[in-house]
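Q: I am new to this structure. Please give me a close look at one part of it.
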Amino acid sequence: RAKSNGKNTFHFYRPSMQLLADQHLAMERALHTALEHNEFYLHYQPQVDHNFSIIGTEALIRWQHPEQGFVPPDQFIGLTEETGLIIPIGCWVLQQACTQLAQWQEQKLCPPHFRMAVNISAKQFDHPQFLNMLSDVINRTGVDPNKLELELTESLLVKNMDATIIRMDAIRAMGIALSIDDFGTGYSSLKYLKQMPINQLKIDKSFVMDLLTDANDRAITETIIAMASHLQMDIIAEGVEDAAIMDLLVRLGCKHFQGYYFSRPVSAENCSQLLQVQKLPLGS
Ligand code: C2E
Ligand code: MG
Ligand code: MG
Ligand code: MG
């Protein structure tokens, strides 16, 4: 096709494809090295109730490349999924988050219903060794599985329903909670959602951020909150950036919140300090 459009297009087209491939390859190599050289670390973002009391934290991966500097996860998670690198990296994330959780448990820093949320990509969830890996990490770190929550994506709710439900049931039987991340952005079938052992829906930040100005986003948010309530699932809003949005969410019946208004994702040390206070400073 490129060729039939003339020589120029051909010459113009090829190098850019090549460049893209080279960039991917370089990035893939860099990600391998990152794992070996401990360039990844986790930040933790608090989740709060209407009193600004901490009810949980979400573990978020960070990558400090020696030359490129900080690389945000949205720029490399996709490639780790394509290359399969998400399997060892995801295992590292879970191990690290559980090690931190075990430490906070030992230091008695976890409030009563505290949960550590860990993002799990569909590739990881579908991996044949996922359940073994999960129980290994729990046994090794000694965490209370009731304090662990997995954030899954809606893409899991559209394929291999039966296999997914069996797997979800096994995870729930271990005591671990399941949350659907970025809810509303995918295409999950409501029929299956009802049959799935899901504890919580997490309203995607794209709806939350424009809540005050966009009538559609408000309607979607209201619908998700109503649906969660009917299905007896908990609800949390992500991307809450100011008091006005929180107030509106409270009026719509949302009970749990996460966003820059409360705290940005912070280092383990800084998060320990927040947990010592239990309540985030803004609320007092
Ligand atoms: P996510 O799981 O939906 O995480 C929430 C993202 O929203 C985080 O971005 C967080 O920093 C950001 N955020 C939180 N509050 C606010 C706010 O008030 N305003 C705005 N504008 N943003 C807010 P981050 O850390 O860059 O992560 C991006 C995505 O990368 C995550 O979205 C998740 O899909 C993926 N990710 C991050 N860590 C992991 C991981 O360990 N494993 C996997 N599989 N994916 C991860
Ligand atoms: Mg998440
Ligand atoms: Mg999200
Ligand atoms: Mg996301």
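Is Phe125 buried or exposed, and what is its relative accessible area?

A: Phe125 is buried, with a relative accessible area of 0%. Buried means under 20% relative accessible area, exposed over 50%, and partly exposed in between, using a 1.4 Å probe and protein chains only.

Some ground rules come next. This is a predicted model, in which local features need pLDDT of at least 70, side-chain atom pairs count only at pLDDT 80 or more, and totals for chains, interfaces and linings use all residues. Residues are numbered from 1 along each chain as its sequence is written, chains are lettered from A and ligands numbered from 1 in the order in which they are written, and side-chain values use heavy atoms, with hydrogens and water left out.

Now the rings. Rings of Phe, Tyr and Trp (its six-membered ring) pair if their centres lie within 6.5 Å; planes under 30 degrees apart count as stacked, over 60 as edge-to-face and the rest as tilted. The count comes to 11 aromatic pairs. One of them joins Phe40 and Trp63. Their centres are 5.9 Å apart, with 50° between the planes, and the pair is tilted. Phe40 sits in strand S1 (residues 40-48) and Trp63 in strand S2, so this pair links distant parts of the chain, 23 residues apart. Strands are DSSP runs of E with at least two residues, helices runs of H or I with at least four, numbered from the N terminus. Phe40 is buried at 5% relative accessible area. Trp63 is buried at 1%.

Phe125 pairs with Phe130. Their ring centres lie 5.9 Å apart and their planes meet at 45°, so this pair is tilted. Phe130 also counts as buried, at 2% relative accessibility. Ring pairs also link Phe40, Trp63, Phe76 and Trp92 into a cluster.

The magnesium ion (ligand 2) has Glu58 (OE), Asn119 (OD1), Glu151 (OE) and Asp181 (OD) as protein donors, 2.0 to 2.2 Å away. Donors are N, O and S atoms within 2.8 Å of the metal (3.2 Å for Na, K and Ca); water is not among the atoms, so sites may look incomplete. Glu58 lies in strand S2 (residues 54-65) and Glu151 in strand S5 (residues 148-153), so the two tie together parts 93 residues apart in sequence. Both Glu58 and Glu151 are buried.
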